[in-house]
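Please review the structure shown below together with its sequence.

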Amino acid sequence: MPLFENKKMKTTNWLIALTAAFASVQVASAADVVGKVTVAGTPSPEKVLPMDPTCGKLHPGEKPTTTFFVVGPNKELADVFVHITKGLEGKTFPAPASSAKLDQVGCIYVPYVVGAQTGQTIEVHNSDPALHNVHPTPTVAGNKEANKAQLPKSPALKFSWDKPEVFLRFKCDVHPWMFAYVGLVDHPYYAVTGKDGTFKIANLPDGNYTLEAYHRKGGQVTKDITVKGGNVTVNFEIQAK
Ligand SMILES: [Cu+2]
């Protein structure tokens, strides 16, 4: 084969490969949705938890309070469950193999708000030298209530539910101030704001969506967003109660 033709062929092959690579990037295009949640107004003062002596001893020199509104120096709001509520219809997402985790530390559920996917294992640990009674109380039809005693530092209890429920509550029957809340959805596009109020939902495919920020006490705020060819920044403000 003459040198010229060979070179031309190589160039053509290279172009085909490049076009194919570009097309596959286009098809799989996705981006991160990032943002910050702040609170408007001043939340009601938190209440001191009515801890018994056993639990109180785990907090020397402290008086732990409720954590209804965890607010940063610039009104950043933690424990907000941010998730897609519209735009994923007809798609299914297998539950991740990893577990979502709750722990009990000093007779307080940690974290207070956690996200999980339907079908995903939710592990509940007991890091305390105290007996707890882990009592999830779902209210969505098809999600079963459970109630299990958990000895000090015993193996994690495991739960999972099939129906979305925001929020699915955990309580403890031994310590009436203990609560945790699970944002349970049927897809992986959710996040919980940290103490800096920020969240990041990674790799959301291009499309039109409704994004909801849900604070357990402050309620829900939604925004319509479009993901197309780049990251999206969405900020929310939630009214104090
Ligand atoms: Cu307890």
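By class, 17 nonpolar, 3 polar and 3 charged residues make up the lining of the largest pocket. In this classification Ala, Val, Leu, Ile, Met, Phe, Trp, Tyr, Cys and Pro are nonpolar, Asp, Glu, Lys and Arg are charged, and the others, Gly among them, are polar. The model is predicted: local features need pLDDT of at least 70 and side-chain atom pairs count only at pLDDT 80 or more, while totals for chains, interfaces and linings use all residues. Residues are numbered from 1 along each chain as its sequence is written, and side-chain values use heavy atoms, with hydrogens and water left out.

**Pockets**

- The largest pocket has a volume of about 510 Å³; a volume is the space filled by probe spheres set on grid points, which are joined across faces, edges and corners.
- A pocket is here an open set of points on a 1 Å grid over the protein atoms alone, where a 1.4 Å probe fits, with protein on both sides within 12 Å along at least five of seven lines; lining residues have an atom within 4 Å of a point.
- Of the 23 residues that line the largest pocket, Thr67, Asp79, Ile108, Tyr109 and Tyr112 lie nearest its centre.
- Strand 4 (109-110) and strand 11 each supply at least two residues of this lining; strands (E, at least two residues) are DSSP runs numbered from the N terminus.
- The second largest pocket has a volume of about 200 Å³.
- Its lining has 16 residues, with Ile84, Thr85, Val185, Asp186 and His187 nearest the centre.
- Strand 2 (81-86) and strand 11 are the elements that give two or more residues to the lining of the second largest pocket, and strand 2 gives the most, with 4 residues.
- By class, the lining of the second largest pocket has 7 nonpolar, 5 polar and 4 charged residues.

**Val182 in strand 11**

- Val182 belongs to strand 11 (residues 179-185).
- Val182 counts as buried because its relative accessibility is 1%; buried means under 20% relative accessible area, exposed over 50%, and partly exposed in between (1.4 Å probe, protein chains only).
- Val182 touches Val114, Ala116, Ile122, Glu165, Val166, Phe167, Leu168 and Phe170, not counting residues up to four places away in sequence; contact means heavy atoms within 4.5 Å.
- The C-alpha atoms of Val182 and Val114 are separated by 5.0 Å, although the two residues are 68 residues apart along the chain.

**Charged residues**

- The structure holds 2 salt bridges, a salt bridge being a side-chain nitrogen of Lys or Arg within 4 Å of a carboxyl oxygen of Asp or Glu.
- In one of them, Asp32 pairs with Lys200, and the closest N and O atoms are 3.6 Å apart.
- Asp32 lies in strand 1 (residues 30-40) and Lys200 in strand 13 (residues 198-205), so this pair ties together parts that are 168 residues apart in sequence.
- Asp32 counts as buried at 17% relative accessibility, whereas Lys200 counts as exposed at 51%.
- Asp173 forms a salt bridge with Lys171, with the closest N and O atoms 3.6 Å apart.
- Asp173 is partly exposed, with a relative accessible area of 38%, and Lys171 counts as partly exposed at 23%.
- Glu212, found in strand 14 (residues 207-215), is buried yet has no salt bridge, and the nearest side chain of opposite charge, Lys86, is 8.9 Å away.
- For charge, Lys and Arg count as positive and Asp and Glu as negative, while His and the chain ends are not counted.
- Leaving aside neighbours within four places in sequence, Glu212 is in contact with Phe81, Val82, His83, Thr85, Gln220, Val221 and Thr222.

**Backbone geometry**

- Most residues other than glycine have a negative phi, and most peptide bonds are trans.
- Val110 and Pro111 are joined by a cis peptide bond, with omega about -5 degrees; Pro111 is in the loop between strand 4 and strand 5 (113-117).
- The peptide bond from Val166 to Phe167 is also cis, with omega near 5 degrees, and Phe167 lies in strand 10 (residues 165-172).
- Cys107 is not a glycine, yet has a positive phi of about 60 degrees; Cys107 lies in the loop between strand 3 (100-104) and strand 4 and is buried, with a relative accessible area of 0%.
- Lys153, likewise not a glycine, has a positive phi of about 50 degrees; Lys153 lies in the loop between strand 8 (148-150) and strand 9 (157-159) and is exposed, with a relative accessible area of 60%.
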